[in-house]
Amino acid sequence: MALLLLFSSILLFILQCSSAQPSPGYYLSSRFKPLPGFYHGYNTLWGPQHQTVSADQSSVAIWLDRSSGSGFKSNRPFRSGYFAASIKLQPGDTAGVNTAFYLSNNQVHPGFHDEVDIEFLGTTPGRPYKLQTNVYVKGSGDGQVIGREMKFHLWFDPAADFHHYAILWNPNEIIFFVDDIPIRRYPRRSGDTFPLRPMWVYGTIWDASSWATDNGKHRVDYRHEPFVARFTRFVVRGCSAYAPPGCRPVPSSPSGFGLSKQQLAAMAWAQRNYMVYDYCRDHRRDRSLTPECGA
């Protein structure tokens, strides 16, 4: 057991120090002011007794214990935009805990919804968190949940300090950012593989013991409760579902759309050094369900 913990600690150190974080050359997080207060963009969705908003509304803490988790939801749906928050996770044994920042329209289209996820999958001591990105298109209305997961370790400890996480969604692409480094770009290939219906923005923490850590091998240990996730520096900038047709999507790069050469190089660095799973490279998956993998 001691050797396993030592090996895990060495692995975490190597992951965090393998190479210096490159500059993306374009910093979306600095282009937009945060919301003037949490309630200017969000409201409590569930678990109000497990949620605390700071007096100045600049931050919110949500937590999971054996009685409940918690979540919040944007006041408006959007058809495109840049959605971001700085997040600090719980340290220690967080196996089975899912902390998420995501877009969804599940409450309007139950069982047939769209979703774009940033999820932090809890872990056991000495092992790094996994950040999972995912895209669902028209949910599981046919009885099949077709996920498009890419998972990453991070080049820092997400429980040691706040870091900025963002989703940029426009009619042509979805880009996931960590501290302005694009870690994944999901382009639109067709309307069948890309979410186009309006979505809300969510933040949640909940018990995902059945799958989150080593496919459910490690479950939430409530001896370590509460499990707290802290959010601050909320940015919500985009075209709401009620905006006029002339509302222009947020540009993802200096040229407007796509990624610049410097951003592409930064994304290649992140994927080369820290990506640990790509659904398009998983030969156990039925490729007919994810036709974009062959595009």
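1. Leaving aside its neighbours within four places in sequence, which residues is Glu 115 in contact with? In this predicted model, the list runs to Tyr 102, Leu 103, Ser 104, Asn 134, Val 135, Tyr 136 and Met 199. Glu 115 sits in strand β7, which covers residues 115–121. Its side chain also makes a polar contact of 3.0 Å with the side chain of His 113. As for burial, Glu 115 counts as buried because its relative accessibility is 13%, and the cut-off for buried is under 20%.

2. Why start with that residue? The UniProt annotation "active site", from an unreviewed entry, covers Glu 115 and Glu 119. Keep in mind that this label comes from the record.

3. Now for the other annotated residue. Glu 119 is found in strand β7 too. Set aside residues up to four places away in sequence, and Glu 119 touches Asn 98, Thr 99, Ala 100, Lys 130, Leu 131, Gln 132 and Trp 211. One of these, Asn 98, has a side chain joined to that of Glu 119 by a polar contact of 3.1 Å. With a relative accessibility of 8%, Glu 119 is classed as buried.

4. On to salt bridges: the count comes to 9.

5. Take Asp 114 and Arg 197. They form a salt bridge, and their closest N and O atoms are 2.7 Å apart. Distant parts of the chain are linked here: Asp 114 is in the loop between β6 (97–104) and β7, while Arg 197 is in the loop between β12 (181–187) and β13, 83 residues apart. Is Asp 114 buried or exposed? Asp 114 counts as buried, at 1% relative accessibility.

6. Arg 148 and Glu 292 are another pair, with closest N and O atoms 2.6 Å apart in their salt bridge. Arg 148 lies in the loop between β8 (130–136) and β9 (150–152), and Glu 292 in the segment after β15 (275–278), so this bridge ties together parts that are 144 residues apart in sequence. Arg 148 is buried, its relative accessible area being 3%. Glu 292 is buried as well, with a value of 8%.

7. Glu 225 forms a salt bridge with Arg 66, and here the closest N and O atoms are 3.3 Å apart. This pair, too, links distant parts of the chain: Glu 225 is in the loop between β13 (200–207) and β14 (227–240), Arg 66 is in the loop between β3 (59–64) and β4 (70–74), and 159 residues separate them. Glu 225 counts as partly exposed at 29% relative accessibility, whereas Arg 66 is exposed, with a relative accessible area of 56%.

8. Stay with the loop between β13 and β14 for some backbone details. As background, most residues other than glycine have a negative phi, and most peptide bonds are trans. The peptide bond from Glu 225 to Pro 226 is cis, with omega near 0°, and Pro 226 belongs to this loop.

9. Asp 214 is in that loop as well, and its phi is near 55°, a positive value in a residue other than glycine. Asn 215, also in the loop between β13 and β14, has a positive phi near 55° too. How exposed are they? Asp 214 is partly exposed at 30% relative accessibility, while Asn 215 is exposed, with a relative accessible area of 72%.

Note on methods: Residues numbered from 1 in each chain as written. Predicted model: local features only at pLDDT ≥ 70, side-chain atom pairs only at ≥ 80, totals over all residues. Heavy atoms only, no water. UniProt positions renumbered as here; feature names shortened; annotations may be inferred. Helix = DSSP H or I, 4+ residues; strand = E, 2+ residues; numbered from the N terminus. Buried < 20%, exposed > 50% of the residue type's maximum accessible area, 1.4 Å probe, protein only. Contact = heavy atoms within 4.5 Å. Polar contact = N/O pair within 3.5 Å; in protein donor to acceptor, adjacent residues only side chain to side chain. Salt bridge = Lys/Arg side-chain N within 4 Å of Asp/Glu carboxyl O.
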